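Please look through the sequence and the model before reading on.

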Amino acid sequence: MRLLLVQLSDIHFRATSNPVAARVPSLAAAIRSTGATPDACLILVTGDIAWSAHDAEYATASAFFSGLRAELDHDFPGTPIEFFVIPGNHDCFLPTEKIELRK
């Protein structure tokens, strides 16, 4: 089995102004450039998806990941594409009075 692993980390999506959000085509092109024809593709998102764990940041991230999936579905038709996510410290909401815990 040929497995394509892609790791993304520390994206830190904000509710607005996310330069990486416009880079889905470039990211898909970089993945495609491996020349692989995978039997499965695993996208590992390892920490800090959001900047401050707010819903709007995850909505932005969801749109980004949906766009990436669509690009890869086009590039690798019929190939299973799975996302595995490990949250980071920025993905944990902390009340203002406990923000020092993040350090």
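## Two paired strands

Leu4 has Cys41 in strand 2 as its bridge partner. The two strands concerned, strand 1 (3–8) and strand 2 (residues 40–46), pair in the parallel sense over 6 bridges, where pairing requires that DSSP finds at least two bridges between the strands. Strands here are DSSP runs of type E with at least two residues, while helices are runs of H or I with at least four residues, and both are numbered from the N terminus.

This is a predicted model, in which local features need pLDDT of at least 70 and side-chain atom pairs count only at pLDDT 80 or more, whereas totals for chains, interfaces and linings use all residues. Residues are numbered from 1 along each chain as its sequence is written, and side-chain values use heavy atoms, with hydrogens and water left out.

In strand 1, Leu4, Val6 and Leu8 make up the covered face, while Leu3, Leu5 and Gln7 make up the uncovered one.

Met1 itself lies in the segment before strand 1 and is exposed, with a relative accessible area of 82%; exposed means over 50%, buried means under 20%, and partly exposed lies in between.

## Aromatic rings

How many aromatic pairs does a search of the whole structure find? The search gives 4 aromatic pairs, and a pair is counted if the ring centres of Phe, Tyr or Trp (its six-membered ring) lie within 6.5 Å, with planes under 30 degrees apart called stacked, over 60 edge-to-face and the rest tilted. Phe13 and Phe64 form a tilted pair, 5.2 Å centre to centre with 55° between the planes. Phe13 lies in the loop between strand 1 and helix 1 (24–32) and Phe64 in helix 2 (residues 55–75), so this pair ties together parts that are 51 residues apart in sequence.

## Salt bridges

Side chains of opposite charge can pair when their charged atoms come close. The whole structure holds 2 salt bridges, each being a side-chain nitrogen of Lys or Arg within 4 Å of a carboxyl oxygen of Asp or Glu. Arg2 and Asp39 meet in a salt bridge at 3.4 Å, N to O. Because Arg2 lies in the segment before strand 1 and Asp39 in the loop between helix 1 and strand 2, the pair ties together parts that are 37 residues apart in sequence.

Arg32 and Asp75 also meet in a salt bridge, at 2.5 Å, N to O. This pair links distant parts of the chain, with Arg32 in helix 1 and Asp75 in helix 2, 43 residues apart.

## Positive phi values

Most residues other than glycine have a negative phi. Asp10, in the loop between strand 1 and helix 1, has a positive phi near 55°, and Asp48, in the loop between strand 2 and helix 2, has a positive phi near 50°. Asp10 is partly exposed, with a relative accessible area of 43%, whereas Asp48 is buried, with a relative accessible area of 7%.

Definitions and conventions
Buried means under 20% relative accessible area, exposed over 50%, partly exposed in between (1.4 Å probe, protein chains only).
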